[in-house]
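These entries record what I looked up about helix packing.

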Amino acid sequence: MQRYPRDFTGYGPTPPAADWPGGARVAISLVLNYEEGGENNILHGDGQSEAFLSDIAGAAQWPGQRHWNMESIYDYGARAGFWRLHRLFTSRNLPVTIYGVATALARAPEQVAAMQSAGWDIASHGLKWVEHKDMPEEEERRQIREAIRLHTEVTGARPRGWYTGRCSMNTVRLTAEEGFDWISDTYDDDLPYWMEAGDRDQLVIPYTLEANDMRFATAPGYIEGEQFFQYLKDSFDVLHAEGGRMFSIGLHCRLIGRPGKIAGLIRFLDYAQAKGGAWFATRTQIAEHWAAKHPARRRERPSQMSREAFVARFGGIFEHSPWIAERAFEMEMGPAHDSATGVHSLLARAFRSASEEERLGVLRAHPDLAGKLAQAKRLTAESTAEQASAALDALTDEERATFEQLNADYTTRHGFPFIIAVRDHTKSSILAAFRARIANDNATEFAEACRQVERIAELRLKDLLK
């Protein structure tokens, strides 16, 4: 059965403690995209010129022609912007991750030598800086492998990380197949996370398109360095206050490398270094830290279960009513349901959408509290443990007689046993609820009993799925 692939849950309300080195509040990843010489150009065998991320207003591709203005702007990034940024970062001894387009790196021996001399982390940014959304899967796989080969040839080492940028729906899966230490074609979190990729676990380090100088070339966007500084400062301050987060900053030689734009970046670096609490790190350093502190751990994933396994695992959550799990299995299910809360949502929906007669059958499947089945030790294991949690398995003769009378009166009045999530109560509060609810009209009590059934199911699932 096809399952919904998107994950809206992530770490949820309790992200893990990042435990960055030195007690840092924020890990800052400075990323410099090196694309100059890898962009669309008929010199590179493309059918048109580039039109993306430049200072040319309203730029459009020129089919079959070179675009001299566009080329010149990209050339500025290689000739001047890169070196301005290199001086800035090396003068402050700041680590940098390069997203290097393989063909661009091959055309930039001086810049590659400078990156390596500075000890920067050179990750792969694909074979060419082109759009991949319509690229056939096999062609994208071929280009990924060719990018790895050329990158290794140019730099002397296989890239440990990957970011395509202008990616397809296949990119993350295809790059995960290649065994990188980390990949970054997602924007979905403030922390790294593990993704199951077949038999291997892939570390994902999310990137950013907003704390990114590309906004100088898009609308709405930044029009001066001060705006870029203010956005970076505000982001850093919030993450710093939260603590234990990661902050990616995306940069491009031809954009932030311009004097009026780099001024905002300089102000931010001054601010962050003065404030403290920042660990400036390459993405590979972040990956190594995360793998050591938070290694991949596989867990039970209901969304990946077969029907038989799902029903076997969750068929008893609603007392003696496996049909609820069977119906829940047919619903849209994905990573958001791979938790106690997620499975409970599905089961509760199946229960709520059932007919009144079917729901009544679920209520009647529940045993009396401290009743004859309990005394005969014929309860399910779940019910036995639940009743014991409120000491209903250790009643005095007088207490047992009280429960038996209340059970009889309640069932006679409402047509189903008294149901309450015992683990939310004590023996005395159960008796108080028993006496209060017995007088309810049938519709009110039916609705309350259904709510209690759902609560019992929720507590059982939290025991089952840690």
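I took axes as lines fitted to C-alpha atoms, for helices over the stretch in contact, with angles from 0 to 180 degrees between N-to-C directions. Helices are DSSP runs (H or I, at least four residues), numbered from the N terminus. The model is predicted: local features need pLDDT of at least 70, side-chain atom pairs count only at pLDDT 80 or more, and totals for chains, interfaces and linings use all residues. Residues are numbered from 1 along each chain as its sequence is written, and side-chain values use heavy atoms, without hydrogens and water.

Entry one: α10 and α11.
I found that the axes of α10 (residues 307–314) and α11 (residues 322–329) come within 9 Å and cross at roughly 140°. α10 is therefore oblique to α11; angles under 35 degrees count as roughly parallel, over 145 as roughly antiparallel, 65 to 115 as roughly perpendicular and the rest as oblique. In this contact (heavy atoms within 4.5 Å), α10 contributes Arg307, Phe310, Val311 and Phe314, and α11 contributes Pro322, Ala325, Glu326, Ala328 and Phe329.

Entry two: α6 and α8.
I noted that the axes of α6 (residues 225–242) and α8 (residues 259–275) come within 7 Å and cross at roughly 25°. α6 is therefore roughly parallel to α8. Residues in the contact include Phe228, Phe229 and Leu232 of α6 and Leu265, Phe268 and Tyr271 of α8.

Which residues of α13 (residues 356–364) are buried? I list Arg359, Leu360, Val362 and Leu363, where buried means under 20% relative accessible area, exposed over 50% and partly exposed in between (1.4 Å probe, protein chains only). These buried residues pack against α11, α12 (340–352) and α18 (442–464).
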